[in-house]
Amino acid sequence: MSGNPIPPLHLYSVPKEPQAPEAPPKRERPRTAWTADQLMAAEFPEPKWAVPGILAEGVSLLAGPPKVGKSWLSLGLGLSVAAGTHAFDSVPVKSGPVLYLALEDTPRRLQTRMGKLLGDQEAPAGLTLVTECPPFPQGGSEAIAGWLDRNPDARMVVIDVFAKMRGQSPQGVSAYDADYVAVGHAKRLADHYGIAVVLVHHVRKMASEDFLTEVSGTNGIAGAADATLVLKRARGQADGILHVTGRDVNEAEYALSFQEASGAWHLLDGPVTDHTVGDTRAAILKFVRANPGARPKDIADALPQSDTNTIRRTCSRMAADGQLAKDGSGRYYPDTETRTQGVPEVSQLSDCPVTSPDQHERPGQLQQELSGLSGASEVEGMAP
């Protein structure tokens, strides 16, 4: 018999009748009704951001095709938020406890992935990883709520994948209503605790011009969520495009590059179009953006690797494709005001400051014991 047995630690072990002295203080139920004058006079705090400009408090769907890298992206975000470093190696985030439900992974696979993502950095104690959890209707909501009660400074919960948590659909309801109810479990947690809950999900096999319609299931899934993020493969220099829209997040697109050696997704500088077209078109776009009204000869002079005829033909095709605008005198301009401005810092796209209102200048690191998952006390002989 082993002298230091390791007890099972998981989110199933939620006490049915927790002892009152040990139970954490319950949060007050949010107010849900006002008169019109009361509501206009009320002062509400700004939304908390797990990743400024991209992930706000509330439920966010992170959808994408299989093997596109959703799990790498979500695990990388969890590590960044738990450590208080930079999401996508670009966006500063405030540190806070993160719960990551890796319901399709094994501990060995998670360890391997984190080893690549962390490199020589220390693993953050604020990230709790779980490989098993009951569905929302069968105790999953209570299990997650128990963890959140024990971690009042938590900033994010990641559920990878959502299908493992939704449970069976209620009998006698439409597919739309069943999808809406399924996401509603996560939304109640997000709204009550004021945190970001990320549901990793899939997209349909059929592509669509509207990325929202690519989310697998009925419109009830995207309709119940506060924000939807769709990660799609891209052509050109970018490995992926992250499409974002939501109630507190302005619609935007981000070009991302996947680093095979580290498993990390990096945010690329400049507009998405600079990274999803060929090298020649990207160079032309950059030049015209910096020099509106340029002629093909001006562009060719700045790009000695291309001749004037090639530049003229390429500009004409780009105008036909809507990437450039051409006036009557043969001068070229960026097609939209957005592309003339370039991409500001990520958070500005959503009117969120670089340092969000809830982000301190020197974020601290909360040390969370793994045994807190089941509400159990520290176990003797358990490895740190």
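This report describes the fold, the cores, one surface patch and the confidence of a predicted model.

## Overall make-up

The chain has 384 residues, and 45% of them count as buried. Its secondary structure consists of eleven helices and 15 strands.

Taking contacts between residues at least 6 apart in sequence, 67% join residues at least 24 apart. The accessible surface of the chain is about 20300 Å², and carbon and sulfur atoms account for 50% of it.

## The nonpolar cores

In soluble globular proteins, nonpolar side chains tend to be buried together. In this model, the largest nonpolar core holds 44 residues. Val-51, Leu-55, Phe-88, Met-156 and Leu-242 have the most contacts inside this core. Helix α2, residues 70-83, supplies the largest share of the core, with seven residues. Apart from this core lies another, of 34 residues, including Leu-101, Trp-147, Ala-224 and Ala-225.

Leu-55 shows how residues from separate parts of the sequence meet. Leaving aside residues up to four places away in sequence, Leu-55 touches Trp-49, Ala-50, Ser-60, Leu-77, Met-156, Val-198 and Leu-229.

Is Ser-74 buried or exposed? Its relative accessible area is 1%, and the cut-off for buried is under 20%, so Ser-74 counts as buried.

Which residues does Ser-74 touch, not counting those up to four places away in sequence? They are Leu-62, Tyr-100, Val-158, Asp-160 and Val-200.

## A nonpolar patch on the surface

Some nonpolar residues are on the surface: Trp-34, Leu-39 and Phe-44 form a nonpolar patch there. Together they have about 300 Å² of accessible area.

Phe-44 sits in the loop between α1 (36-41) and β1 (49-51). Phe-44 has a relative accessible area of 52%, and exposed means over 50%, so this residue counts as exposed.

## Confidence in the model

The mean pLDDT of the chain is 79, and 74% of the residues reach 70 or more. Over residues 12-21, pLDDT stays under 50, and the model has seven contacts beyond four places in sequence for them. Over residues 337-351, pLDDT also stays under 50, and here the model has 33 such contacts beyond four places in sequence.

Where pLDDT is low, the predicted coordinates should not be read in detail.

Definitions and conventions. Residues numbered from 1 in each chain as written. Predicted model: local features only at pLDDT ≥ 70, side-chain atom pairs only at ≥ 80, totals over all residues. Heavy atoms only, no water. Core = buried A, V, L, I, M, F, W, Y, C linked by side-chain atoms within 4.5 Å. Buried < 20%, exposed > 50% of the residue type's maximum accessible area, 1.4 Å probe, protein only. Helix = DSSP H or I, 4+ residues; strand = E, 2+ residues; numbered from the N terminus. Contact = heavy atoms within 4.5 Å. Patch = residues over 30% accessible without salt bridge, like charges linked within 9 Å, V, L, I, M, F, W, Y side chains within 5 Å. Areas by Shrake-Rupley, 256 points an atom, 1.4 Å probe, with all protein chains shown as cover. Salt bridge = Lys/Arg side-chain N within 4 Å of Asp/Glu carboxyl O. pLDDT = per-residue confidence, 0-100.
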